[in-house]
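Thanks for asking me to look this one over. Please have the model open beside you as you read my notes.

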Amino acid sequence: MGRVSAGPRRKLSRAARSPLYISSLGLFPQIRRRDATADNRFRHARSALAMLLLAVLVAIIPAPVQAQGNAQSATYRVTFTGMFAGDALASGVSTPSGAHFTTLIGAVHNDSVTYWRSGGTASAGIESMAELGGTAALKSEINVNGDTNVLAVIEKSIASGGTATATVDIEVTAAHPLVTLVTMVAPSPDWFVGVSGLSLRNTDGDGWWQTVTVDLFPYDAGTEEGTEFSLSNAATSPRGTIASIKGTGKFSNEPLARLTFTKLDEAGAVSLFPAEPRVGTVLRAALSDPDGIDGLVNWQWAKSTDRNRWSSISNSSGSDYAPTEVDRGEYLRATAAYSDGQGSSRTAEEVSDNPVGERAPAPEISVTTLISGLNIPWDIAFTHDGTMLFTERAGVLSSRFTDGTVQRIDADLRDLFAIGETGLMGIAVDPDFGTNRRFYTCQGHTGPEVQVLAWTIDSGYTTATRVADPLVGGIPATSGRHGGCRLRFGADGYLWIATGDAASGTVPQDLNSLGGKILRVNASTGAGAPANPFASSPLIYTYGHRNVQGLALRPGTRQMWSVEHGPTVDDEINLLAAGGNYGWNPVPGYNERVPMTDLVEFPSAIEARWSSGPSTLAASGAIFLEGEHWDEWEGRLAVATLRDSKLRLFEFTSGSVFSGQVVVAELDDAYGRLRTPMLGLDGALYVTTSNGGGADQILRISPASAEPEPLPPVTAALVLSETVVTAPEGGSAEYTVALAAEPAGVVTVTATGAEGTVTVTPSMLTFTADNWDQAQTVMVSTARDDAALADQAVILTHTAAGAGYDEAPLAQVLVLVTVAGDDNRNQVQTMYVAYYGRPGDAGGLDFWAGELEKANGRLKEIIDSFGNSKEFQDRFGDLDDEELVNNIYQQLLGRDADSGGLGFYVNGLREGRFTLASIALNVADGAGQKPDGRDAATVANKLHAANAFSAALASTGAPYGEFQIDDAKLWLGEVDSTAASVTAALNRLPDLLEMFAGTAPFSFRTTP
């Protein structure tokens, strides 16, 4: 056999393997391999020049999206071809008639077995085969090494002659990837050809070579050097154990035979479970393929009553399908279309063994709305006396008493970072709350970062005070993405903290970062639990996570489970193990195409107990159901899903193996996005929705058999048609009010706070059990005040009294009064929007409007100073003229300039005929020229929202720094030509201002 000299091959990083695979060929490729993912085959180089060229040749070959290393076995077709006859070996040398190869024999084995190696000893079985051509001794030797070390014996007869061929199929596995295969060159003793311990696993060890071609040269099994190659050596007896395998003899550059290993394209298979599909129980299809699976799998479901005539199920496309009543009695078929690890397009399917049966037994449950009018209620916790504490992400902390009363808790949240997915999030109550009154929040902090804070709360649940600020800090946050932040106490008494990776690629695998981790800490001190696995990172319990949204302690165990968001695939449910790496590593950059649990990069990574597969549900909070009143659902993991808008119940065996799931029908897409489930002290399940816009609720779910006495009516909210109304100076506007729940008697709602030019009619509304849900109209009127330069902002506070209401403020409406005829101020606001993409602060608007008035209309000189500001230079200092003009169009109209307008204004700007200020005003004034009116509506909506923002900001006295400016840009950027966009922006304005002010001037509890 030839020396293995395939040239240096370094292990490629995953960055090199995907999306491009780079392969190099060495100088003397006597073993030539082609990966299962490759499309090109390198040919044997016949000249030194060709070899030199090949040595530097780089082949760039598309790689699969997902490595096919999960294929744990492969089947190869092995072809042996003889390559000598007559005088084919060398000039003047011939072979006698009848020269041939004996039986091809060998084994598939692991690296614990070595039968022979070049320059080393050979086994007695190899000696006997090489000397006598017999296979018995070698076969016996292979069998002795069987069981764990040898997978199979290979034995194949070869046709006579020097050009004989033979073909045999073999299976290799990841545990047994090596092949030893030899044959004697007869009738000469001592001479044989073959391979020794050839690995068919590719260089990276994460897949299989597609083809391996080996040129075989003669080896001398005796002690002579073999300076002459002869097929007529007279020695015919073994001479004891062979001390060494000598060189390849005089004709080492002439191969006697060739072995080719070709990986067979094996079919994939689909499995379905559970075996007996039922209405409402999710049926899961799983695909496997020995060749691996490239990228995503396209699933299609069909049904049939007779397994012959199939009809497609149009509302399903993933690997999971939940049969409905219309599917009863039907067989189900799941078909997968995909590409395998060899790049072949494949399909595989499976039909259920049984037709869909009736719905599995489940408790009859009731669902009631406990609190409405919330805005992204993120988490819930219960104290020892049954009081519910809950957070809203924008920065609201509230309590609900067992009598149904809801009140807002005064807590210092001035440093809250509430952007995107981050804000005031997780909450947990100390196990010793009855004596220490401590609770904990996980929240964004300006900087930005994520922190866990410890608080105490007074006996009336009115005021929370920070006592550990922070308890744990330094958790990374960037844009607000992937904030994690679930808090739960474990059976060990420690506080468990789930963190997100902040959408930063290097964070999850970095043990110097707290992002993408599960932390376990002492709740009193913030120190890591003593048994945590990493001495150098004492807070960390597990790592390699993306964005953990749920933590759940399994009853009766010390097991903590997590629920984790995948990118566009593979949401996960994980059982947490100390020191475990859960395999998320989205590098380089933030590459969300890598596997959620990357077993190629991290073979020891811990696989999920359940994964959503080729889709994502946005699985969020989770809790195990406890109590006999849950009947068949007791012990199942309840998981709320955001994108999926369902409550799913996952069943795991006592050995923590996933065995099935059901969807709670009463919550199936009925309440929108669901975020957090939490068990109350009464045994009921409380679930928060996450739809935004003041439309969220906290739901109470309980089995009807265990339903306690009805709770008191909700008193937390009024139903308001608007939270922001705008009235022109000297004009009017209106909104409506209703109660959120039926009262036990008469309730009066009073609106206070009208002042200056604002009056409210009527200021008092009366509701009874007969009209509590009928909206009553409130008219807001404004007087004209020509002396007022700035817009006004008035807060109307609504208080309810009677029938259990205790005159607590329940809701507020922000009234914005726009000053009539203030063209100077509007022009300046146009400049703020056009230059900076944000509203102006009230002080800036007043100043520049006054300057404009004093300057007798010389807008250019005044507004051009905007262009010299640091903010403008930071944002636009590097833009060229075209980009500057396009920016104005984008900020005012939400679109790029058309080619005519762009050329006109760019030329005018370069020639000095226009300034940016005059271009902005011209664009705003010319918006009405578009036939569809969309540009005009966009400008009007943006200015309306910007003026509202400026007036409202002035009413709070809030600072207006860089942090607030960035938020204002995002807020105003969402306003377009639709009425809905400006309404949504204005409805979000109070939350934005509240965050800026660091106080709580607004407390909205509304539903649309």
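Predicted model: local features only at pLDDT ≥ 70, side-chain atom pairs only at ≥ 80, totals over all residues.

1. Residues are numbered from 1 along each chain as its sequence is written, and side-chain values use heavy atoms, with hydrogens and water left out.

2. The chain holds 15 helices and 53 strands (DSSP runs numbered from the N terminus: H or I of at least four residues for helices, E of at least two for strands). Of its 1008 residues, 55% are buried (under 20% relative accessible area with a 1.4 Å probe, counting protein chains only).

3. Taking contacts (heavy atoms within 4.5 Å) between residues at least 6 apart in sequence, 65% link residues at least 24 apart.

4. Now to strand E28, residues 449–457: seven of its nine residues are buried. On one side, E28 pairs with strand E27 (residues 438–445) in the antiparallel sense over eight bridges; pairing requires at least two DSSP bridges between two strands. Three residues separate E27 and E28 in a hairpin, where Gly-447 in the turn has a positive phi of about 155 degrees.

5. E28 also pairs with strand E29 (residues 464–476), again antiparallel, over seven bridges. This hairpin has six residues between its strands, and Tyr-461 in the turn has a positive phi of about 55 degrees.

6. Which residue of E28 stands opposite Tyr-440? That is Ala-454, and Ala-454 also stands opposite Ala-468 in E29.

Definitions and conventions
Buried < 20%, exposed > 50% of the residue type's maximum accessible area, 1.4 Å probe, protein only.
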